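User: I would like to learn how to read a few features of a protein model. Can we take them one at a time?

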Amino acid sequence: MKLHCFQRAFFHSSPSLIPVQLPAPMETHLWYMKPSEVKSESLLKEYLDILSPCERKNVLQMGGEELRKSALLARALVRTTIARYQINSEITPRSLKFRKNIHGKPEVEWQYSDDWHPPSLHFNISHTSSLVACGVTVNSQIGIDVEEKHRSIKHNVLSFARRYFSEHEVQFLAAISDPQVQRMEFIKLWTLKEAYVKALGKGFSGAPFKTFTIRSKSVPEEGFNKLEGSSLKASEIVVDSFDNPTVLTSNWQFLLLELANSHYAAICTEKHGASEGDRNVPVKLTVWKTIPFLEDECVSGTDAVKTICGL
Amino acid sequence: MAAVSATCVRFRTSSAQLSIRASNQIIGKSASLVSLGWTRTGVFPCIRTSRLQICAAKAETVEKVSEIVRKQLALSPETALTPQTKFSELGADSLDTVEIVMGLEEEFNISVEEENSENITTIQEAADLIDKLCDKK
């Protein structure tokens, strides 16, 4: 029995998580953590404790303490986040099982009996060394990607774009004269493209970046920026796929955010009931900053979450 | 011409130069390591046109790949790298991996198809693919 302050005893055997209702259709939940804010060794041990043996092994194989920590927090975030939705009384962070779809995209493997049908919950995670995020939706495929705003690119931005991006995107980037701005637009574009292929569930090699273009709909030259006094339509982000024109690409919607003043986050989700007249269905996004078992803070509407495009 | 049965011959020397003559051709010079790959007929897999140097067998490729990975991920000199080390274990995310592939393409003058880039998860896998692509040239 631990003899620390009684808070420890409170979650010694059943760590507490504030429960949350599942997102509604057309609603996205985003949970994120900053590894630098998790310092308690005993808390890290609690996180390690809820992982599967396989996940634990993968975490410990990472080279270096910082990498191990962010790998650990990524798994802990996924498990605790899904458990919060209290799908049924038997689900705990530790009891959740995961598997990969045929393309390698992780999904929950629900343990269910004949008379219980699991909800159609979808999730996707992304992490950098300084931020770990998990997006959740119901009935809708989701892909997310986060990158540090000031991330360095070793190659010249345009060489990289010519090699990997579509022609339209290369032209868009080439038209930006300020190298700093160009780099930041590149990173935003990268996160959007990553989020899209992750939502598709095919990964980088299943949906090569050259085969689709992501662009800002009405004012492409403005790029992915917050337009002052803009309407919903003006800031919409769209994807054109060369392999699958029209039908499939109008099914996806994008959000681009600045998170915690330090990261770009792109969220791509499936749009249902999409038709010509239905394009501007507003998306609801709720964002929490969390340290599972310790504290949660809803940060929607604060400075921690700045919408760039798409809302 | 005699058939060569060995598939691989390696020499390591700490002195400055080593040159080898076979079939009236100078094969290569290297400060510390020379690796030779021989096919069954004794024909050399490929020759770089810019320098008289053969696309070397695994060890030199592995070394070059390791250098590129170190640079891309800004690893400290103390970080141990083995051919089996996974890029992800070194903290490489998808953007890093793509940049590594790009660095390899530039260094070895090859082109990696997107379907193959997913198969490059370790230094050895990168070296194997590079050698395969070099062999085809």
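User: Which residue forms a salt bridge with Glu55(A), and how far apart are the closest N and O atoms?

Analyst: A salt bridge is read from a side-chain nitrogen of Lys or Arg within 4 Å of a carboxyl oxygen of Asp or Glu. In this predicted model, Glu55(A) pairs with Arg75(A), and the closest N and O atoms are 2.8 Å apart. The pair links distant parts of the chain, with Glu55(A) in helix H3 and Arg75(A) in helix H4 of chain A, 20 residues apart.

User: Is Glu55(A) buried or exposed?

Analyst: Buried means under 20% relative accessible area. Glu55(A) has 10%, so Glu55(A) is buried. Arg75(A), with 18%, is buried too.

User: Where do Glu169(A) and Lys193(A) lie?

Analyst: These two residues form a salt bridge, with the closest N and O atoms 2.6 Å apart. Glu169(A) is in helix H6 and Lys193(A) in helix H7 of chain A, 24 residues apart. Both Glu169(A) and Lys193(A) are buried. Over all chains, a search of the whole structure finds 17 salt bridges.

User: What is the area buried between chain A and chain B?

Analyst: The area is about 1,900 Å², and carbon and sulfur atoms give 54% of it. The contact takes 21 residues from chain A and 22 residues from chain B.

User: Why is helix H5 of chain A described as largely enclosed?

Analyst: Six of its eight residues are buried, so helix H5 of chain A is largely enclosed by the rest of the structure. Among the buried residues of H5(A) are Phe160(A), Arg163(A) and Tyr164(A).

User: Which residue caps the N-terminal end of H5(A)?

Analyst: Asn156(A) does, with a side-chain oxygen 3.0 Å from the backbone nitrogen of Leu158(A).

User: What is phi of Gln86(A) near?

Analyst: Most residues other than glycine have a negative phi. Phi of Gln86(A) is near 45 degrees, a positive value. Gln86(A) sits in the loop between helix H4 and strand S2 of chain A, and Gln86(A) is exposed, with a relative accessible area of 53%. Asn109(B) also has a positive phi, near 55 degrees. The place of Asn109(B) is in the loop between helix H2 and helix H3 of chain B, and its relative accessible area of 60% makes Asn109(B) exposed.

User: What pattern does chain B follow along the sequence?

Analyst: The pattern is β-β-β-β-α-α-α-α, from four helices and four strands. Of the 137 residues of chain B, 45% count as buried.

Note on methods:
Residues are numbered from 1 along each chain as its sequence is written. Chains are lettered from A and ligands numbered from 1 in the order in which they are written. This is a predicted model: local features need pLDDT of at least 70, side-chain atom pairs count only at pLDDT 80 or more; totals for chains, interfaces and linings use all residues. Side-chain values use heavy atoms; hydrogens and water are left out. Buried means under 20% relative accessible area, exposed over 50%, partly exposed in between (1.4 Å probe, protein chains only). Helices (H or I, at least four residues) and strands (E, at least two) are DSSP runs, numbered from the N terminus. A polar contact is a pair of N or O atoms within 3.5 Å; within protein, one must be able to donate a hydrogen and the other to accept it, and residues adjacent in sequence count only if both atoms are side-chain atoms. Contact means heavy atoms within 4.5 Å. Buried area is the accessible area (1.4 Å probe) that two parts lose on being put together, summed over both.
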